[in-house]
Amino acid sequence: MIFTTFSFLGFFALALLYLRFIKNNKIQKWGLLAGSYFFYAQWDWRFLGLLLWLTLMTFYCSSRMRHMSDQHIRRRWLALQVTLSLVTLGFFKYANFFVDTLKPLVQGLGLETHTLNVILPIGISFIVFEVISYAVDVYRGDTPFEESLLDFSILVAFFPHLISGPIIKPKAFLPQLKNATSITSPNMSAGMQLFLWGLMKKVLVADRVAPFVDVVFQHPLHFNSLVTWLAVVAYAVQIYGDFSGYTDMAIGAARMMGYDIPRNFNLPYLSLNITDFWRRWHISLSSWLRDYLYIPLGGSRKGLNRTYINLAIVMLLGGLWHGASWNFVLWGGIHGSALAIHKFFIEHKRLKAPSSFTRNALSWALTIVFVLTAWVPFRSTDWHTSMAMLRNMYTFTSSAPMHWISNSLLFALPALVIADIGARNWHLGIRLRLSRFSHQLAFFMLLFSVLVMAPPAASPFIYFQF
């Protein structure tokens, strides 16, 4: 069930009506949990057991940690929860990857190998990171153990963020479940507006440029440098519009129901360096990697050399988290190296320029070119496609007409700017007062325009595969 479909809008309308007329907190929560499981079942009902397994396993291990005073025993329960979570993720997401990787070696020994053809459950990476963060927080004492299995189950399965995040901090979300939620006009007005901005990013930006990106990445040898660069820029626009559009819709949907979930993007393509980019892009994942991987590895507390190694490890694993492909590992390694290099220059005070304007302009240009280049292995389906695209970009083959890609960008870029400004203003508290007739008219005219200009067929969100 995709946010941009009428089936979701019908489902969501029923959820709002349920929360509007049911006032009892416990009955509200049971309905919310049932609705979330129904939402997940629309993809494949067989994996409801997986969602239930991760929920019950984490709840039990966390409850054992709460009852144990011996720190060593508590650590063992945490290790068990993390191990079981990662084994679950590893089996479904990486079994085929490792079998295919080892196939040449095994076949060289005269043995046969068979791909397991394991189906990748939608959103499993986000779900696993969610339950691990809860268990670690309980172990550290950052989050009190949640006595209510019902509340914890909602934290894991809450449908607006279930498939593609944002990754919710337990201590920020669980207290919201202690009292019955209410459907209010201010929340409806704010949530509808953010949902609309996200919808614009998805259907007017990401879905518009997607067909053209697909063609160039499928046949990179058919295009020259200019068209290749346009395709890479188009993909940068597509993935940002697609993913930030999803999270805006998720946050807006949650707000309409009376719940708050965190912002996940903050104009990342305006970053002046790669560290700043990762403070602005997929903020919930960046924070997760920092809090649960980078800091436990030692962070920057054990000297510069160890800091560089920690950054590289975190980003390599962050790349692998995105998918079972060496291209994702390459993408993570590129970003990890860039973060380490930036850290080196910052520590040695070697980032200087004649003026702040010159410095900022040069920093932005270098950052955006690096980010665009790094998107190539992220988007490519295999190593050969990545190399062909990069050769096209940096060998500067003969110029040719801008083709149809420029037309898609000419349409998508203004739509992205309008939607991004609207979403940013929403986060800053600048919102339409839909009680005014003129604002209501503007809102519905804009909504109508989005639906009219949307492509005939909605495409799945990119991060559904992760």
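Trainee: What kind of model is it, and how are residues numbered?

Mentor: It's a predicted model, so local features need pLDDT of at least 70 and side-chain atom pairs count only at pLDDT 80 or more, while totals for chains, interfaces and linings use all residues. Residues are numbered from 1 along each chain as its sequence is written, and side-chain values use heavy atoms, with hydrogens and water left out.

Trainee: How many helices and strands does the protein have?

Mentor: There are 18 helices and zero strands. Both are DSSP runs numbered from the N terminus: H or I over at least four residues for helices, E over at least two for strands.

Trainee: And how much of the protein is buried?

Mentor: Buried residues are 52% of the 466. Buried means under 20% relative accessible area, exposed means over 50%, and partly exposed is in between (1.4 Å probe, protein chains only). As for contacts between residues at least 6 apart in sequence, 77% join residues at least 24 apart; contact means heavy atoms within 4.5 Å.

Trainee: Let's do helix 16. Which of its residues are buried?

Mentor: T385, S386, A388, M389, N392 and M393. They sit on the same side of helix 16, because they cover an arc of only 170° around the axis. That arc is taken from the directions from the helix axis to the C-beta atoms.

Trainee: What do the buried residues of helix 16 pack against?

Mentor: Helix 9 (185-218), helix 10 (225-257), helix 14 (326-347) and helix 15 (356-379).

Trainee: Switching topic: is Q28 buried or exposed?

Mentor: Q28 is buried, at a relative accessible area of 1%, and it lies in helix 2 (residues 25-44).

Trainee: Which backbone atoms does the side chain of Q28 reach?

Mentor: The backbone oxygen of L19 at 3.4 Å, and the backbone nitrogen of T181 at 2.9 Å. Those are polar contacts: N or O pairs within 3.5 Å where, within protein, one atom must be able to donate a hydrogen and the other to accept it, and residues adjacent in sequence count only if both atoms are side-chain atoms.

Trainee: What about A135, which residues is it in contact with?

Mentor: Leaving aside neighbours within four places in sequence, T58, S62, M65, L78 and Q81. A135 is in helix 5 (residues 124-140) and is buried, with a relative accessible area of 0%.

Trainee: How far apart are A135 and L78?

Mentor: They're 57 residues apart in sequence and 6.6 Å apart in space, C-alpha to C-alpha.

Trainee: P414 next: where does it lie, and is it buried or partly exposed?

Mentor: P414 lies in helix 17 and is partly exposed, with a relative accessible area of 43%.
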